[in-house]
Amino acid sequence: MASKFRNSGQTCVCSNRFLVQRGIHDSFVKKFAEAIKTNLHVGNGFEERTTQGPLINEKAVEKVEKHVSDALSKGATVVTGGKRHQLGKNFFEPTLLSNITQDMLCSHEETFGPLAPVIKFDTEEEAVAIANATDVGLAGYFYSQDPAQIWRVAEQLEVGMVGVNEGLISSVECPFGGMKQSGLGREGSKYGIDEYLELKYVCFGGL
């Protein structure tokens, strides 16, 4: 919930897709929908109860709408939300979609809004393949209690940062950055200073 919906889904490390194993898929979707309806409240940011504010501009809302309409045209189902909120043109309802397939825009483009598409998978190998089927790779998250699986999946995910059993991973001590089209270099940690330094090689002869 925090990883997807903080700042109404408008952070660079917000979860963009949820891959859920077939055996728990239906239960997960039901509980996720209940949590969205119970815990998320769209409103004025100055009101204490509010957890979800507006998107940055109308163009951002239009992108969310585009991803939702594209998914629905290809067989997705709206579990909750799915449209602009009555508060105004820049507000969008926290939205959960199921029956998501890889040919839908929300499966491989960043939405940057309050849209949570759920993709069903069967095997670990299938999940990793789906996760890596995108041209960006800033952060990825997964849950596991198996140490061998944790290392195996973490190494295979084509992202610069991995959260294992944790949805909030940013920290000043950690090297923040990604792979693929998510950019080069890191900020934060001792590695973040590398971009400001010059590496010099000195070869001594005649000793």
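Student: Hi! Quick one to start: what is the relative accessible area of Glu65?

Tutor: Glu65 comes out at 27%, which makes this residue partly exposed. Buried means under 20% relative accessible area, exposed means over 50%, and partly exposed is in between, using a 1.4 Å probe and protein chains only. Before we go on, this is a predicted model, where local features need pLDDT of at least 70 and side-chain atom pairs count only at pLDDT 80 or more, while totals for chains, interfaces and linings use all residues. Residues are numbered from 1 along each chain as its sequence is written, and side-chain values use heavy atoms, with hydrogens and water left out.

Student: OK! Which side chain does Glu65 meet in a salt bridge with Arg84, I mean, how far apart are the N and O?

Tutor: The N to O distance between Arg84 and Glu65 is 2.7 Å. Arg84 sits in the loop between S2 and S3 and Glu65 in helix H3, so this bridge ties together parts that are 19 residues apart in sequence. A salt bridge here is a side-chain nitrogen of Lys or Arg within 4 Å of a carboxyl oxygen of Asp or Glu. Helices (H or I, at least four residues) and strands (E, at least two) are DSSP runs, numbered from the N terminus.

Student: How many salt bridges does that rule give?

Tutor: The count is eight. In another of them, Glu58 and Arg84 meet with 3.2 Å from N to O. Glu58 lies in helix H3 and Arg84 in the loop between strand S2 (77–80) and strand S3 (95–98), so here the linked parts are 26 residues apart in sequence. Glu58 is partly exposed at 30%, and Arg84 is partly exposed at 23%.

Student: And what about Lys74, who is its partner?

Tutor: Lys74 pairs with Asp70, at 2.9 Å from N to O. Some salt bridges share partners too, and these join Glu58, Glu65, Arg84 and Lys89 into one network. Back to the pair: Lys74 is partly exposed at 37%, whereas Asp70 is buried at 13%.

Student: New topic. How many residues are in the largest nonpolar core?

Tutor: That core has 17 residues, and Ala71 and Ile100 have the most contacts inside it. Helix H3 (58–73), strand S4 (115–121) and helix H5 (124–132) each supply at least two of its residues. The largest share, five residues, comes from H3. A second, separate core has 11 residues, including Phe5, Val29, Phe32 and Ala33. A nonpolar core is a set of buried Ala, Val, Leu, Ile, Met, Phe, Trp, Tyr and Cys residues joined through side-chain atoms within 4.5 Å.

Student: Why would those side chains gather like that?

Tutor: In soluble globular proteins, nonpolar side chains tend to be buried together.

Student: What does Ala71 touch?

Tutor: Leaving out residues up to four places away in sequence, Ala71 touches Ala76, Leu97, Ile100, Met104 and Cys106. Contact means heavy atoms within 4.5 Å.

Student: Which residues of H5 are buried?

Tutor: They are Glu124, Ala127, Val128, Ile130 and Asn132. Their cover includes S1, S4, helix H6 (147–156) and S8.

Student: How about the rings, how many aromatic pairs are there?

Tutor: There are four. One of them is Phe18 with Phe28, a tilted pair with 6.4 Å centre to centre and 40° between the planes. Phe18 lies in strand S1 (residues 18–21) and Phe28 in helix H2 (residues 22–39), so the pair ties together parts 10 residues apart in sequence. Rings of Phe, Tyr and Trp (its six-membered ring) pair if their centres lie within 6.5 Å; planes under 30 degrees apart are stacked, over 60 edge-to-face, and the rest tilted.

Student: Is Phe18 buried or exposed?

Tutor: Phe18 counts as buried, at 16%. Phe28 is partly exposed at 29%. Phe5, Phe18, Phe28 and Phe32 form one aromatic cluster.
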